[in-house]
Amino acid sequence: MRVAVAVGVSTPPVATMRSSCTRRIVAVSYRFVSMHMAAAPLSRTLSTESVAARLTSAGLLRTKGLIGANWTDARDGKTMPVYNPSTGEVIADVPFMGSKDTEDAISSAYDAFPVCSYLTIPASSLLILRYDLLMANKEEIGQLITLEQGKPLKEAIGEVNYGASFIEYFAEEAKRIYGDIIPPTLNDRRILVLKQPIGVIAAITPWNFPLAMITRKVGPALACGCTAVIKPSELTPFTALAAVELALQAGIPPGVLNVVMGDAPAIGDALMANTRVRKITFTGSTAVGKKLMAGAAGTVKKVSLELGGNAPCIIFDDADLDVAVKGTLGSKFRNSGQTCVCANRILVQDGTARIFLWLIYWLLFLSFFNYLLLLLFCSNVVYLFFQASMINLLLLSPKPFRFCKLVMALVKVHPRYAFITCGMFRKCYESAMSVLLIFSLCSPAESC
């Protein structure tokens with residue numbers, strides 16, 4: 001996927017912008033601080049225990065896989081912990097499933113397919129009911145997304161609305177699965193095209209949008225009359241389990257939806273090798289997508305792949321820097337930089353590069369210090385220290401290094417480009433690092 005964002009709004013001459021650089025930085029900084037000081041009230045701060053207890057009482061915190069009509073553990077009894085990324089606390093343990101569990105889930109989906117394939121029109125009403133249940137529980141689902149994935153609560157609730165919109169859309173489309181009549185070459189013939197469900201589909205989803213990626217894949221499958229085996233990320237399985245629980249409450253027949261999680265390579269191999277799985281849909285890295293495509297070729301499965309991302313942000317000398325800086329920060333750091341359209345490199349023309357770089361640097365300072373001020377009232381901030389070319393903001397709990405470490409650094413490695421890193425190092429995950437790679441352009445032609 002390629003997304004290019006070019007900013008070219010007319011502003012005063014470059015010389016004028018340079019002469020008023022200090023005033024611009026102060027003005028932008030004031031607006032930035034004012035915006036962020038109006039953050040969500042501290043009363044909405046989520047704790048692992050309170051949210052988990054509330055979701056459990058609501059029946060939305062499921063800790064077992066779903067195969068057929070049964071919530072089940074792994075065959076070999078193995079489990080894996082799921083962590084709250086902001087604190088490192090264990091939310092709960094879930095089954096560490098493998099190939100045998102996946103085969104059971106495929107069998108369940110295959111057995112349910114004859115019934116599901118005739119439910120195209122009734123499926124519409126069931127999907128509408130599922131949409132209603134998602135919207136009725138969006139606060140709880142949003143809290144669950146924040147708890148296991150880490151995105152802000154406002155954005156998590158926004159994802160619930162976004163994910164539910166796929167269910168609503170495909171519920172309406174279920175009524176309009178039309179065939180076609182093709183003009184024949186012979187007058188005494190009629191050519192009819194009928195659209196039929198393909199069969200069992202496997203949906204493999206990433207951690208960055210744990211609800212929306214599932215509803216976008218499973219919604220059309222249900223509308224067509226297909227059954228599904230869902231493999232969510234092992235980092236964020238609870239949202240998938242809660243979504244399937246709401247689907248069962250909406251009346252989706254048992255076996256139509258199945259959820260397995262755990263040993264990703266073993267689950268993937270089982271899905272690829274089984275001839276009863278007729279389609280693979282996957283969102284994730286290009287490397288994994290290539291492996292899935294190669295595996296699907298052996299049994300001639302259809303594939304739908306959304307892979308990687310390549311999104312430059314291009315800023316010219318006549319750009320409105322207020323808009324450019326705000327848009328760059330919003331794009332780059334949304335969801336810790338983990339969306340397919342997050343800017344992976346920033347191209348800035350020479351005349352604006354210096355001002356733009358320091359505006360970015362300064363606003364990152366302000367945002368982190370504002371975050372620290374909030375944490376002083378609700379967390380344990382032990383110390384803050386400086387180094388010559390790097391600023392480390394360490395947030396430590398009474399048990400050292402149990403909390404995440406936030407790191408921000410500006411390192412100029414070449415006269416023509418710089419990079420700013422801003423990321424999270426967590427106890428039990430790979431580092432999630434957002435890097436602003438900023439290049440200086442001599443002319444607009446270089447952006448090509």
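**View 1. Helix 3 and helix 6 cross each other at roughly 140°.** Here we look at helix 3 (residues 48–57) and helix 6 (residues 138–149), whose axes come within 10 Å. Helices and strands here are DSSP runs numbered from the N terminus, with helices being H or I of at least four residues and strands being E of at least two. Axes are lines fitted to C-alpha atoms, for helices over the stretch in contact, and the angles run from 0 to 180 degrees between N-to-C directions. The two helices are therefore oblique to each other; angles under 35 degrees count as roughly parallel, over 145 as roughly antiparallel, 65 to 115 as roughly perpendicular, and the rest as oblique. The crossing of helix 3 and helix 6 is left-handed, a word used when the near helix is turned anticlockwise from the far one by less than a right angle (right-handed if clockwise).

A quick note for all views: this is a predicted model, where local features need pLDDT of at least 70 and side-chain atom pairs count only at pLDDT 80 or more, while totals for chains, interfaces and linings use all residues. Residues are numbered from 1 along each chain as its sequence is written, and side-chain values use heavy atoms, with hydrogens and water left out.

**View 2. Strand 8 is largely enclosed by the rest of the structure.**

**View 3. Strand 8 pairs with strand 9 and with strand 11.** Strands pair if DSSP finds at least two bridges between them. With strand 9 (residues 227–231), strand 8 has five bridges in the parallel sense, and I204 sits opposite K231. Strand 11 (residues 277–284) also pairs with strand 8 in the parallel sense, over five bridges, and there T281 is the bridge partner of A203. Strand 8, helix 8 (residues 212–224) and strand 9 form a right-handed β-α-β unit: with the strands pointing away from the viewer, the path from the first strand over the helix to the second runs clockwise.

View 4. A disulfide is a pair of cysteine sulfur atoms within 2.5 Å, and a search of the whole structure finds zero of them. C224 is partly exposed, at 33% relative accessible area, whereas C226 counts as buried at 5%.

**View 5. Strand 13 is covered on both faces.** In strand 13 (residues 312–315), P312 and I314 are buried on one side, and C313 and I315 are buried on the other. Strand 13 pairs with strand 14 (residues 345–349) in the parallel sense over four bridges, with C313 opposite I346. Between these strands the chain runs through helix 12 (residues 321–333), and this β-α-β crossover is right-handed.

**View 6. V300 has a positive phi.** Its phi is near 50°, in a residue other than glycine. V300 lies in the loop between helix 11 (286–297) and strand 12 (302–307), and counts as exposed at 63% relative accessibility.

Key. Buried < 20%, exposed > 50% of the residue type's maximum accessible area, 1.4 Å probe, protein only.
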